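Trainee: I am new to this structure. Please take one part, the interface, and go through it closely.

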Amino acid sequence: MSFRTETTAHPRRAKEAHARPYAKVMVALALVTLFEVVMFTPVGVIPANLQLLHLLTKGQILLVLLAFAAFKASLVAAYYMHLKYESRWIRLIPIVPLIGVAALFATFAFK
Amino acid sequence: MVSSNAHGQEHHTSIWPFLVAVATGLAFGGLVIHLALTAFGVGLFVFAVGGWLHQDSRVRFGELEGPLEGHPFFGISTRKLGIWIFLASEIMFFTGILSNAFALRVRTEESILAMITAGTLPAGAPASTWAAPGQILNVPLTAVNTFILILSSFTMVEALKSAERGNQAAMKGFLLATFLLGATFVSIQAYEYQKLYLSEGLRPWGIDPALWAERSGGALAPLWGQTFGSTFYVQTGFHGAHVSGGVLALGFLTAKAFKGRYSAKNHEAIELVGLYWHFVDVVWIFLFTIVYLV
């Protein structure tokens, strides 16, 4: 067995070294969070009649906010956790429990 | 402990990870058998983690932190494979907690709605099925805490980038910043808990009726108070415990970085702790939505 000294040896990671949009991801995460707080909670930044909190139904609010959360989580996983640049074997590991998560949400949705 | 075999290859053996696993098993087993066993397991866990960190901190300057274990699985380091399998188990752990809380909430809302519709709601009880966003929880404060966690994920990934480039000063600075931001998050959460428990009367077993009546002109405490209190503390408490563990790991990592133990060739620990830290961030993204915004 050979012993390698590189700790981040995968070639896809080299691609990442040239494009690291870490700051852009942080700004996107912060902006989406700010939008959520301003539009969906009574913080009083904008008039209440313009808030999505009062324009959407409870179910619609849940769906929209979960979609935002999934988008933000995907950004963190893809860029900060480097899944976008990892080998497919590493990417497979979190997919296995996520299949269970999807099945659970499907059960909720059908009920 | 490092030893060499007949081929001159180094083997890394340590009793501490095994003891950590045994201690964890005892702590959880005690929840079923006897709480004394849980207390022993927790004590052994703390002792074993301390021993492990002590052993790890004695790696000499310039030496790779722990002999490299090879890459037997499709070129993936065994340590990275290990942390990803751990994170997969954590996804299942938090999914269980969040979905349980969500199911309890749905059942509670349905029951109260049925009572409102049938006109059987106790006189004086609020006719609401759940707390409105911001009614009990401090959303602006938690939003600030969310920004702090997002910023800490950024500084963490920048620390890794700096380590890969061999920029020691930037690596130390970003690691220290991540540690301080993480500690700030935990401190704000502790402050939030203290305010909720004492001022709002939100307890894990329900809302304090006297405090609620005092603030709402003599109204009864809401029927959803019990479910709201228990699900809130379980969800945010388990996440807070994970963040606290991450802060301890970051403190250790930062101390090692300031001792010059990481380099452009030897920084896998920063990547692995970073993966855990980002995962904690991902969990918070969902918790913030489900607990505070919906």
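Mentor: Start with Glu86(A) and Lys80(B), whose side chains form a salt bridge with 2.6 Å from N to O; the term requires a side-chain nitrogen of Lys or Arg within 4 Å of a carboxyl oxygen of Asp or Glu. The model is predicted, so local features need pLDDT of at least 70 and side-chain atom pairs pLDDT 80 or more, while totals for chains, interfaces and linings use all residues. Residues count from 1 along each chain as its sequence is written, chains are lettered from A and ligands numbered from 1 in the order written, and side-chain values use heavy atoms, without hydrogens and water.

Two salt bridges cross between chain B and chain A. Three residue pairs, both members at pLDDT 80 or more, are in polar contact across this interface (N or O atoms within 3.5 Å, one able to donate a hydrogen and the other to accept it; sequence neighbours count only through side-chain atoms on both sides). On chain B, the touching side draws at least two residues from each of α3 (78–118), α4 (139–164) and α8 (268–293) (helices are DSSP runs of H or I with at least four residues, strands runs of E with at least two, numbered from the N terminus). By class, that side of chain B has 32 nonpolar, 13 polar and twelve charged residues.

In total, 57 residues of chain B contact 49 residues of chain A, contact being heavy atoms within 4.5 Å. The two chains bury about 4700 Å² between them, 76% of it on carbon and sulfur atoms (accessible area lost on being put together, 1.4 Å probe, summed over both).

Helices α3 and α8 of chain B return in the second largest pocket: each supplies at least two lining residues, as do α4 (58–80) and α5 (88–110) of chain A. The largest share, twelve residues, comes from α3(B). The pocket holds about 1100 Å³ of space. Among its 35 lining residues, those closest to the centre are Leu98(A), Val101(A), Phe105(A), Thr95(B) and Phe286(B). The lining divides into 28 nonpolar, three polar and four charged residues.

Over all chains there are eleven salt bridges. One of them joins Glu36(A) and Lys72(A), at 3.0 Å from N to O. Glu36(A) sits in helix α2 (residues 22–40) and Lys72(A) in helix α4 of chain A, 36 residues apart.

Chain B as a whole has eight helices and four strands, and its C-alpha trace spans about 80 × 45 × 35 Å along its principal axes.

Key. Ala, Val, Leu, Ile, Met, Phe, Trp, Tyr, Cys and Pro count as nonpolar, Asp, Glu, Lys and Arg as charged, and the others, Gly among them, as polar. On a 1 Å grid over the protein atoms alone, a cavity is a set of points where a 1.4 Å probe fits but cannot get out, and a pocket is an open set with protein on both sides within 12 Å along at least five of seven lines; lining residues have an atom within 4 Å of a point. Grid points are joined across faces, edges and corners, and a volume is the space filled by probe spheres set on the points.
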